[in-house]
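Hi,

Here is the structure I promised to pass on to you. Have a look at it first, and then read on for what I found.

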Amino acid sequence: MSPENLSLFWNKLAFRSLNVNSPTLPFQMLERVQRIETKDLIIEANQRRDELLRSTSVVFDVEMRLKGRLLVGVGNASIIEVGMTFSRNYGFPIVPSSSLKGCFSMYLREIAGYEEKKIKVLFGEDMFGDDHIQGRLVFLDAIPVEKVTFSLDIVNNHFVPYYSRESPPPNDWYNPVPVVYIVVAGGKFRFTVIEEGGLSVEEKTELQKHFIEMLKWHGLGAKTNYGYGRFEP
């Protein structure tokens, strides 16, 4: 068992302890990441969430298992180019509340067909004016409820000279340059939304239904068109 913090290792220590020029760098990273234990931290985080929910109004609090792979925070700093989002203090992977809010807002507007007036009440949004109000929904970070597993994936960039502006438009004779990166491969996450007040039981039930449908069929994070980020009950 390692006493390291996964977030600290990924964002800071890896740059000092690993050879950034090694072709086996992603494999070294995966081996170290898999070794870092987060079980006790996951238990503590969920206990703190339970305490919070006892003193507030809950819209829904559901646990969903990752169906495929998950990649959130690809643009974050990373020694292996492709980033990931971790809890700063606990270290385990999370889905940030801001990401959940943005995805759910889009889903309700574009898929579920909610009117803009209702979206504004729920999320505090107003796309067509200067009126600013606080939304009723408060999203918490999605946190794991059990050990999260990791694996490697790969993407082949076929047109590096073109993207580097070293050559004319892309051609078939360029050699592909594989990029190996780490993804969340499995685990169960807890999704929690609380409210400022005013929602009926029927409205909460409807929102929970839409949220679960979003997770099942549309997903979260990057590469959802390839099946990433989808969950199941």
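Contacts between residues 24 or more positions apart make up 71% of those with a separation of 6 or more in the protein chain. Please keep in mind that this is a predicted model.

On the overall make-up, the protein chain has seven helices and seven strands. If you walk along the sequence, the order is α-α-α-β-α-α-β-β-β-α-β-β-α-β. The C-alpha trace spans about 60 × 50 × 30 Å along its principal axes. The chain has 233 residues, and 42% of them count as buried. Its accessible surface is about 13000 Å², with 50% of that belonging to carbon and sulfur atoms. As for charge, there are 27 positive and 29 negative charges, and their mean positions lie 4 Å apart.

Which residues of α4 are buried? They are L100, F104, S105, Y107 and L108. Looking down the axis of α4, you will find these buried residues within an arc of 165°, so they line one face of the helix.

What covers the buried residues of α4? The cover includes helices α5 (116-123) and α7 (201-217), along with strands β2 (137-139) and β6 (188-195).

Helix α5 is worth a look from its own side too. Its buried residues include I119, K120, L122 and F123, and the buried residues of α5 pack against α4, β2 and α7.

One last stop is S7, in helix α1 (residues 6-17). Is S7 buried or exposed? Its relative accessible area is 7%, and a residue counts as buried under 20%, so S7 is buried. Apart from neighbours within four places in sequence, S7 is in contact with F86, S87, R88 and G91.

Happy browsing, and do write back with any questions.

Best wishes

Note on methods: Residues are numbered from 1 along each chain as its sequence is written. This is a predicted model: local features need pLDDT of at least 70, side-chain atom pairs count only at pLDDT 80 or more; totals for chains, interfaces and linings use all residues. Side-chain values use heavy atoms; hydrogens and water are left out. Helices (H or I, at least four residues) and strands (E, at least two) are DSSP runs, numbered from the N terminus. Buried means under 20% relative accessible area, exposed over 50%, partly exposed in between (1.4 Å probe, protein chains only). Contact means heavy atoms within 4.5 Å. Accessible areas come from the Shrake-Rupley method with a 1.4 Å probe; for residues, only the protein chains shown count as cover. Lys and Arg count as positive and Asp and Glu as negative; His and the chain ends are not counted. The place of a charge is taken as NZ of Lys, CZ of Arg, CG of Asp or CD of Glu. The arc is that of the directions from the helix axis to the C-beta atoms.
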